[in-house]
Amino acid sequence: MSTAALKAQYPGKPWMWRQDWAQSAIRDSNRKTAIGLWVFALIWSAISFPVAWKLVPQMSRENVAALIIFLFPLAGIIMLISAVYQTFRSMKYGTSICHLDRVPIAPGRMFRGDIEIKTDAVPADGYRLRVLLVNAVTTRTGKNRSTSERLLWDAEILVEQGAVMRSPMGSRVPFQFATPPDSHATDESDFYNRYLWRMSASAAMPGVDYAAQFDLPVFPTGEAADGSEFAAFEQRHRVEAARHAITPASGVEISNLPGGGEQFRIHAKKTFGSAFQSLLFLAVWNGAIAAMIHFDAPWGISAFFIAIDLLLIVAAVDYFFGRSTIEVDSSGVRVRRQWLGMGSNTRSYDPASIASIDGTTPAANSKSFGVTIKLRDGDTRLIASNLPSRESADSVAAKMMKDLGVA
């Protein structure tokens, strides 16, 4: 049945306008993502490679654009590699299905379900499930369109190895979340200003890691939601996060303080893939700057690239050499940042000034998470960064709140 027919049959019930939503069996987007990457990468490469090849004879000090244009084929190669990896993932895990206990999901209410995965392998570190609400805004300038996503809310849980259930199709990963009572519902009526709810699932596996994403139907149903279910979910999540053991893979070292409380030493846990990507990007960017200077590019273009480069270098130094040392006890929180043994002055926060300590996510597609202190005057301070997951950031924040004597 067509979407138009479903809308006519179920007016005012947008969760019935998609077959997978109506059947409470939401299929992941891996296959669509792989196809989209292939189409975009091939079109991009089909245009950029011939253009770059034709500009080879024009390389000169007077034609800087001919040199800069080679960044576009490089981007095409990276996209093709991503498409191949996504294809291998789709072939290895097939299509995962998210089953919900009820449809739609009502704002402010608890919802449960499980993800059906076509593999018997169970990851040693468990599955990380994340639910997020994003506001996707599309702007149009002439014939060009660009879409940016603003993260409005997110939460992450860890489903440990022992909680994963066997099934005839492979494995089932159970979950339980609650949405904020004042959150925006799913709304795609305006293409240029959409509100989207998503659930992502990921796990470290031998070879190709598991990853999947599902669109969630969050719509008001007329049921009263006083926020108690959401508050209970947050409290339970905070207690579980405080109990969770912080592994060395998180880049966090915890030790007891002599007078009570704990010291947290936090640094980015480097992996070969992330370190290689960071260094490769820096090398390409600085190579482009060197070429601009060599070919006497206009100073405005070079200055812009150099300004961005300084920010990239600072981020890279923080990633490779940065460390936060945070001491938390009943007397307050003391934070010190260090780089190569040198650091800033210690910042102290007394318990009366602290409203909460929380895990945080910089952006919807971010792979790096942090910890913030929210002060009672409304100010928010980032005290740790480069944590590998939202779950690890939440665990560190919950342990700090417990040491402070608040939770």
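## Starting with one leucine

Why does L282 count as buried? L282 has a relative accessibility of 15%, so it counts as buried (buried means under 20% relative accessible area, exposed over 50%, partly exposed in between, with a 1.4 Å probe and protein chains only). Before going on, a word on the source: this is a predicted model, where local features need pLDDT of at least 70, side-chain atom pairs count only at pLDDT 80 or more, and totals for chains, interfaces and linings use all residues. Residues are numbered from 1 along each chain as its sequence is written, and side-chain values use heavy atoms, with hydrogens and water left out.

L282 sits in helix α7, residues 272–294 (helices are DSSP runs of H or I with at least four residues, strands are runs of E with at least two, and both are numbered from the N terminus). Leaving aside residues up to four places away in sequence, L282 touches D309, L312, I313 and A316; a contact here means heavy atoms within 4.5 Å. Take D309: it comes 27 residues away from L282 along the chain, yet their C-alpha atoms are separated by 7.9 Å.

## Helix α8

Helix α8 covers residues 299–321, 23 residues in total. From first C-alpha to last it reaches 32 Å, close to the 33 Å expected at 1.5 Å a residue (the expected span is 1.5 Å times one less than the number of residues). Buried residues in α8 include D309 and A316, along with S302 and F305.

## An aspartate with two arginines

Now hop over to D154, in strand β5, residues 144–159. D154 counts as buried because its relative accessibility is 10%. Its side chain makes a polar contact of 3.3 Å with the side chain of R130, and another of 2.4 Å with that of R390. A polar contact is a pair of N or O atoms within 3.5 Å; within protein, one must be able to donate a hydrogen and the other to accept it, and residues adjacent in sequence count only if both atoms are side-chain atoms. D154 also touches V131, L132 and T361.

## The sheet and a hairpin

Five strands form an open sheet in the order β1-β2-β3-β7-β6, with antiparallel pairing (two strands pair if DSSP finds at least two bridges between them). β1 (25–27) and β6 (165–167) are at the edges with a single partner strand each, so one side of each has no neighbour in the sheet.

Elsewhere, β17 (residues 369–375) and β18 (residues 380–387) run antiparallel, joined by five bridges. T372 stands opposite L382 in β18. Four residues lie between the strands of this hairpin, and G378 takes a positive phi near 95° there.

## Two crossing helices

Helix α6 (residues 228–243) packs with helix α9 (residues 390–404) at about 90°, their axes 7 Å apart. Axes are lines fitted to C-alpha atoms, for helices over the stretch in contact, and angles run from 0 to 180 degrees between N-to-C directions. That angle makes α6 roughly perpendicular to α9 (under 35 degrees is roughly parallel, over 145 roughly antiparallel, 65 to 115 roughly perpendicular, the rest oblique). Among the residues making the contact are H237 and R238 of α6 and D394 and S395 of α9.

## The whole chain

Zooming out, the protein chain has nine helices and 18 strands. Of its 407 residues, 42% count as buried.
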